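Take a look at the model below.

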Amino acid sequence: MTEVLFWVSGLMLLYSLVGYPVLLLAVSRLFPVWTPRDDRSPPASATFLVAAYNEAAVIADKLRSTLALDQDGCAIDIVVVCDGSDDGTADAARSVADPRIIVIEPGRQGKAGAIESGLLRCTGDIVVFSDANALLEPQSLAALRQHFTDDRVGGVCGQLAIATRGVGGIGRSEGLYWRYDQAMKLAESRVGGAVSAQGSVYAVRRVLARPPRLGCTDDFDISVGAVHAGYRLVFEPNARTTETTTERVGDEMRRRIRSSERGWRSLMQNAALMNPGLHGLYAWQLISHKLVRRMNPFLLFVFLVTNLALFASATFYTLTGLCQIAFYGVALAGLLRSEWRRHRIVGLASFFAFTHVALALGIMRCLFGRKSISWTPSRAEA
């Protein structure tokens, strides 16, 4: 039984980390099933919805950069929802004097409540959701709009890049992870559709934009609403924003635990989308990208424990056991000594280990009934 568990967990990990991406890329290149259409003109108007909590340091730059986007005849307005901020975020937003900016202060509700309040004020043909600290590149709006000429498209997911210049091992490793993740999103977009959006920037037809459910990841819950309605999500790499990350392992761990808790709840609330009979290739992608990946921390634990139990039974198990012990030893060393994470291998091992620990803790938190409603950006925590 121990040997069976070793091989089952190992093969599932191999599928999740290597097999699915390779298979997906092969399918997307050899058998692309998505051909865009031009059914109508691009949307004539867009509302940017920015939910902000204690973002006084960045909100003015966010608004100015948004107003400066290449609009190509598209009328835009911006709704800023200050979710009980106590650092002057609302005043900083109002300092950008422009009639296209609406600032509302509904009080501290949590991000889901803030988005719900903001959606009531959105009037554009599409709603563009974007984080307060996400400065979009000039062509981003035009890149998002072009996909809505196809009546089958309900939402468009943009690309997040992590600024890696001058950062430590966590930042470089997270940048590498996002390049890997978004290569998969591009391939998924060509096959069954992008699985979900990432919160830095994505757009949804206003008629499909619903507030996220409490305790759910807002970008996932909102974007997959389009799939529930029978529309397609697509990925647009030219709708691009760059963000920074923190090297504070504790801050990043807390953020990821909360995100993982909400992410698991969101996936379970939208479990109907994992039915291949109803959603075809999209269901396969959602299962592989979101469900199986979230099982990885538990598979890694089983893989390690069974390997140690089999350690002396054969040379193969001894070698794999030593490799695992060495890997986690390097990861732990990097987490204890930040300067060691500057070495690429140490940084990658540390990032891999602590992200999977956070993922497991977040899922367990959800299963034990904990629910995160309020939100505090990690840069504010730092």
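The paragraphs below go from the surface to the ring pairs. Bear in mind that this is a predicted model.

Trp7, Leu11, Leu14, Leu17, Val18, Val22 and Phe316 make a nonpolar surface patch of about 650 Å². Which helix gives the most to this patch? Helix α1, residues 2-30, does, with 6 residues. Leu11 is one of the patch residues, and it is found in helix α1. Its relative accessibility is 52%. The cut-off for exposed is over 50%, so Leu11 counts as exposed.

Now turn to the rings. The model holds 12 aromatic pairs. One of them joins Phe6 and Phe303. This pair is stacked, with 4.7 Å centre to centre and 20° between the planes. Phe6 lies in helix α1 and Phe303 in helix α9 (residues 276-309), so the pair ties together parts that are 297 residues apart in sequence. Are these two residues buried or exposed? Phe6 is buried, at 2% relative accessibility. Phe303 is buried too, with a relative accessible area of 18%.

Another pair is formed by Tyr15 and Tyr20. Their ring centres are 6.2 Å apart and their planes are at 50°, so this pair is tilted. Tyr15 is partly exposed, at 27% relative accessible area, whereas Tyr20 is buried, at 1%.

Ring pairs also build a cluster: they link Phe6, Trp7, Phe303, Phe316 and Tyr317.

The charged end of Arg108 sits over the ring of Tyr53, 3.7 Å from the ring centre.

Terms used
Residues are numbered from 1 along each chain as its sequence is written. This is a predicted model: local features need pLDDT of at least 70, side-chain atom pairs count only at pLDDT 80 or more; totals for chains, interfaces and linings use all residues. Side-chain values use heavy atoms; hydrogens and water are left out. Patches are made of residues with over 30% relative accessible area and no salt bridge: like charges are joined within 9 Å, nonpolar side chains (Val, Leu, Ile, Met, Phe, Trp, Tyr) within 5 Å. Accessible areas come from the Shrake-Rupley method with a 1.4 Å probe; for residues, only the protein chains shown count as cover. A salt bridge is a side-chain nitrogen of Lys or Arg within 4 Å of a carboxyl oxygen of Asp or Glu. Helices (H or I, at least four residues) and strands (E, at least two) are DSSP runs, numbered from the N terminus. Buried means under 20% relative accessible area, exposed over 50%, partly exposed in between (1.4 Å probe, protein chains only). Rings of Phe, Tyr and Trp (its six-membered ring) pair if their centres lie within 6.5 Å; planes under 30 degrees apart count as stacked, over 60 as edge-to-face and the rest as tilted. A charge sits over a ring if NZ of Lys or CZ of Arg is within 6 Å of the ring centre and within 35 degrees of the ring normal.
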